[in-house]
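Here are my notes after going through the model, as numbered points. Have the structure open while you read.

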Amino acid sequence: MTTHDTTTGMPPMIGRCLTIPQWLDYVARYQFGQLTPSKVVLHHTWRPTVQQWRGLASMQGMQRYYANKGWPSAPHIYVAPDGIWLFTPMKDIGIHAGPGNGSLKAGWYSIGVEMVGDYDREQPSGSVWEGTKAVLGGLSRRLRIPPATLITFHRDYSKKSCPGWAVTKEWVFGEVNAWLNNTTPPPPPPPGPIGSIPPEVEELAEALLDQSYARRSEGYNSSWAFHQFAVENNLGFPTAKSQRLQHNGKVYAFQPFARDTLFCEVPNWGDVQRLSQLLAGSIPPPGTLGRALLDATYAAGGSPFRPDWAFHQYAIAGQTLGPPLEPSKKLVVDGVSYSYQVFATDTIFNRGTEWQNIQRLSALASTTNPTQAKVRDELLKATYAAAGQQYRPDWAFHQLARQWNLGAPLGKTDPIKK
């Protein structure tokens, strides 16, 4: 029989604060669902800091933040200066560490534990660390898994510093083992060294990713398996928000990116798959999962998929164009009509009704032929217009984008504040 906690809002939050004795009684009696967790992923919030923490108001603020980002679930536990806060029920798979979330399909999942504070340069201490040891030790005892096997760090599954560069596994394991055995912990080692990505660089990178992802989606979520997979595999930025579809009685989450669409069965967040691998360069028949995802990807770009259209056949066979950004259109250059369609990584076009002679805009990047150059420039204007931008051949960004064949812009040029 599973433990049922009352939750409110979205993502569902328990919102109760426990003392250490209350937590130890709670976890000792906790009944998990169809799958028992086998890992705990340790995090730090970075923001809010200990000084910024405001109890329930901060928890509600985190819930609003996740809701605005489109998260259907969240980390399970927040260890704060005022106690141990319960967020996502521990019987449910949370979202907090990308592939480290686990999945039903994989047969394992993790509990996400957030330490309130920024621990890139100093170790957690005081009530936050005492509560954290109780949470980790209580879970180790309840699950009957030793700390060194149970506890992982967020940075084990990503390039983030989380739970802070100052926090080392040697220190955490020693402290939790001492808590479990009611012995004096070993002398604390010095804080861990700053890793290959300094905190200020990580902060800038996250800000740039968030602004880039926000152009056409919900912003960057470093704890989402889709977003982490997209960054690690150079899939570019999303062209639409994460969405869901039902197929043969199952629910799938999917999100189109510039170079591919990612999907997984809900709630198997760690089991990220690529639509291009499912299609393998062919158009699947109606009624299949591949066709449902393909239709949904094109619909997200405002261009219903048409298997009989030459542009769409070309895009699928090439597997490199990504999703469309708008429907196909026409333009006239020097009295000659051209059909074209803007895709995320390139714009394809043909002259008149020459559907067997589809060309790529990127192939004209360095042309010196006057006629081709004029067609190229008109197509570049149309491509940038699809993103609500004016093409400026004198701008360095636009010159480099053309030179490097970066495809269509997904948003306007804006300054970033960090």
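1. How many bridges join strand β14 to β15? Keep in mind that this is a predicted model. There are 2 bridges between β14 (residues 347-351) and β15, and the two strands run antiparallel. If you want a spot to look at, Ile-348 has Arg-360 in β15 as its bridge partner.

2. Zooming out, that pair belongs to an open sheet of 4 strands, ordered β12-β13-β14-β15, with antiparallel pairing. The edges are taken by β12 (329-333) and β15 (359-360); each has a single partner strand, so one side of each has no neighbour in the sheet. Helix α11 (residues 370-385) packs on this sheet and touches β12, β13 (336-342) and β14. The direction of α11 makes about 145° with that of β12.

3. Now the aromatics. The count comes to 16 aromatic pairs. One of them is Tyr-78 with Phe-87, a tilted pair at 6.2 Å centre to centre and 35° between the planes. Are these two buried or exposed? Tyr-78 has 0% relative accessibility, so it counts as buried, and Phe-87, also at 0%, counts as buried because the cut-off is under 20%.

4. Both rings sit in one aromatic cluster, made up of Tyr-65, Tyr-66, Trp-71, Tyr-78, Phe-87 and Trp-224.

5. Last, charges over rings. The charged end of Arg-47 sits over the ring of Trp-46, at 4.0 Å from its centre. Lys-169 lies over the face of Phe-153, 5.5 Å from the ring centre.

Note on methods:
Residues numbered from 1 in each chain as written. Predicted model: local features only at pLDDT ≥ 70, side-chain atom pairs only at ≥ 80, totals over all residues. Heavy atoms only, no water. Pairing = 2+ DSSP bridges. Contact = heavy atoms within 4.5 Å. Axes fitted to C-alpha atoms, helices over the stretch in contact; angles between N-to-C directions. Phe/Tyr/Trp six-rings, centres within 6.5 Å; stacked < 30°, edge-to-face > 60°. Buried < 20%, exposed > 50% of the residue type's maximum accessible area, 1.4 Å probe, protein only. Lys NZ or Arg CZ within 6 Å of the ring centre and 35° of its normal.
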